[in-house]
Amino acid sequence: MRRFTAFLLVLLMSFGILPFAAAAEPSRMVASFYPIYILAMNVLDGIEEIALDCMTAPDTGCLHDYQLLTKDMMKLSDADALIVCGAGMEAYLPDIAKQFPDLPVIDCSRGINLIPEEHHDDDEDEQEYNAHTWLDPQNAIQIVKTISESAIEIFPDQKDALQQNANAYIERLQALDETLKEMLLPIKGKRIVTFHEAFPYFAQAYGLEIAAVINEEHENTLSPAQLTQVIEAVKAAGVPPLFTEPQYSAAAAYAVAAETGAEIYTLDPLASGEIDSGAYETGMLANAAALLEAFE
Ligand SMILES: [Zn+2]
C-alpha cells in the first residue's frame with residue numbers, strides 16, 4: 001500500500017499537480033484582456049515552456065472603467081510578464097505597479113501611431129488616445145512584434161520558436177489586411193454610426209467615416225439630451241447605418257433608429273469572444289461582411 005502511495009505521489013508530481021512540484025511549472029505570461037490574449041496566443045503557440053493566461057474573463061469586453069478583482073491580482077502573483085494593450089485601456093496599471101513593482105509590463109501600444117481622443121471632461125489636461133488599436137490589422141502586426149520581441153528578451157531560450165510563430169502569424173495578418181482592403185474597396189468613403197468609440201483605427205485603415213458614436217462614455221443608458229444629440233448627428237450625416245456591438249445593449253441604437261429610420265447592423269470590436277487562435281481573423285472578416293451587407 002505504501003509503495004502504491006509513493007507511486008501515486010511521483011505520478012502526480014510528474015504532472016505538476018502537487019503544490020511542491022511548482023518549480024517544474026512553465027513560465028507564465030498574462031494578457032490583460034481578450035484581444036491581446038488572442039494575438040499573444042498565436043505568438044506562444046506550441047511553446048510548452050511558456051504558459052499564457054488571460055487576466056480578465058474572455059467575455060469582459062473593453063476594460064474602460066474596469067475595477068481590478070482579487071482573482072485578477074492572484075493571476076499576476078507568479079507571472080513573468082503582463083502584456084497590456086496600453087494607450088489608456090488599462091487605467092488600473094498604477095495599482096498593479098504598486099502591488100507588483102518587479103513585474104515586467106509589455107505595452108502593446110509601443111510603435112503604434114495613436115489616434116488622439118477629443119476631450120469630454122474639461123478638467124483633464126492630459127492628451128488621451130483611442131485605445132482600440134487592434135482593429136487595424138497593421139496595428140495587430142505591430143502588437144505581435146512587440147509581444148514576440150519582449151518575450152524573446154524575457155525567454156531567450158525560446159527565441160527561434162517565438163520568432164517563427166510571430167513571422168507565420170504576421171504573414172496571416174498581412175493576408176487578412178489585403179483581403180479586407182479588397183472586400184471593403186466598394187464602400188470606401190461611406191459613413192457609419194458606431195455604438196462606442198471602438199472603430200477609428202478600423203475606419204482609418206479602410207477609408208470609412210464615423211459620422212457619430214451613440215455611446216461615447218460607455219454608460220448603460222443615454223440621457224435624453226445625449227440621445228437628441230446623437231439623433232441630430234445621424235440626421236445631419238444623411239442617416240447612415242447604425243452598428244451595435246454584441247456585448248452592449250442595443251436599446252439606445254433602437255431609440256435612434258426609431259427617430260431617424262436608420263437601419264441597424266452589428267460590428268464586433270473583438271474585445272471579447274471565443275478562445276480560438278483564429279478568432280481575430282474570423283471576427284474581422286465577419287465585420288467586413290456586415291459592412292458590405294449594410295451598404296448593399
Ligand atoms: Zn472600448
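Let's begin at Ala87, which you will find in the loop between β3 (81-84) and α4 (93-99). One thing to keep in mind as we go: this is a predicted model. Why pick out Ala87? Its phi is near 60°, a positive value in a residue other than glycine. As background, most residues other than glycine have a negative phi. Ala87 is also buried, since its relative accessible area is 17% and the cut-off for buried is under 20%.

There is another residue of this kind to look at, Val239. Val239 is not a glycine either, yet its phi is positive, at about 55°.

Let me step back to the whole chain for a moment. The chain has 296 residues, and 45% of them count as buried. If you take the contacts between residues at least 6 apart in sequence, 64% of them join residues at least 24 apart.

Asp80 sits in the loop between α3 and β3, and with a relative accessible area of 29% it is partly exposed. Leaving aside residues up to four places away in sequence, Asp80 touches Ser27, Arg28, Leu103, Pro104, Ile154 and Phe155. Take Ser27 from that list: it is 53 residues from Asp80 along the chain, but their C-alpha atoms are separated by 6.4 Å.

Now for the metal. Which residues hold the zinc ion? The zinc ion is coordinated by Cys62 through SG, and by His64, His132 and His196, each through NE2, at 2.0 to 2.2 Å. Along the chain, these donors follow the spacing C-x1-H-x67-H-x63-H. His64 is in the loop between β2 (50-54) and α3 (70-76), while His196 is in the loop between β7 (191-194) and α7 (200-206), so this pair ties together parts that are 132 residues apart in sequence. As for geometry, the four donor atoms subtend angles of 100 to 121° around the zinc ion, and therefore the arrangement is tetrahedral. His196 is buried, with a relative accessible area of 1%.

Let's finish with the helices. Two packed helices are described by the angle between their axes and the distance between the axes. Start with α2 (residues 34-43) and α6 (residues 159-184): their axes come within 7 Å and cross at roughly 125°. That makes α2 oblique to α6. On the α2 side, the contact is made by Leu39, Asn42 and Val43, and on the α6 side by Leu162, Asn165, Tyr169 and Arg172. Those residues divide into four nonpolar, two polar and one charged.

Helix α6 also pairs with α10 (residues 279-294), where the axes come within 10 Å and cross at roughly 5°. So here α6 is roughly parallel to α10. From α6, the residues in this contact include Tyr169, Arg172 and Leu173, and among their counterparts in α10 are Tyr280, Glu281 and Met284. By class, this contact has 13 nonpolar, one polar and two charged residues.

That's my tour, and I'm happy to take questions.

Technical notes. Residues are numbered from 1 along each chain as its sequence is written. This is a predicted model: local features need pLDDT of at least 70, side-chain atom pairs count only at pLDDT 80 or more; totals for chains, interfaces and linings use all residues. Side-chain values use heavy atoms; hydrogens and water are left out. Axes are lines fitted to C-alpha atoms, for helices over the stretch in contact, and angles run from 0 to 180 degrees between N-to-C directions. Helices (H or I, at least four residues) and strands (E, at least two) are DSSP runs, numbered from the N terminus. Angles under 35 degrees count as roughly parallel, over 145 as roughly antiparallel, 65 to 115 as roughly perpendicular and the rest as oblique. Contact means heavy atoms within 4.5 Å. Ala, Val, Leu, Ile, Met, Phe, Trp, Tyr, Cys and Pro count as nonpolar, Asp, Glu, Lys and Arg as charged, and the others, Gly among them, as polar. Donors are N, O and S atoms within 2.8 Å of the metal (3.2 Å for Na, K and Ca); water is not among the atoms, so sites may look incomplete. Four donors count as tetrahedral if all angles lie between 85 and 135 degrees; four count as square planar and six as octahedral if opposite donors are over 155 degrees apart and all others between 65 and 115; anything else is irregular. Buried means under 20% relative accessible area, exposed over 50%, partly exposed in between (1.4 Å probe, protein chains only).
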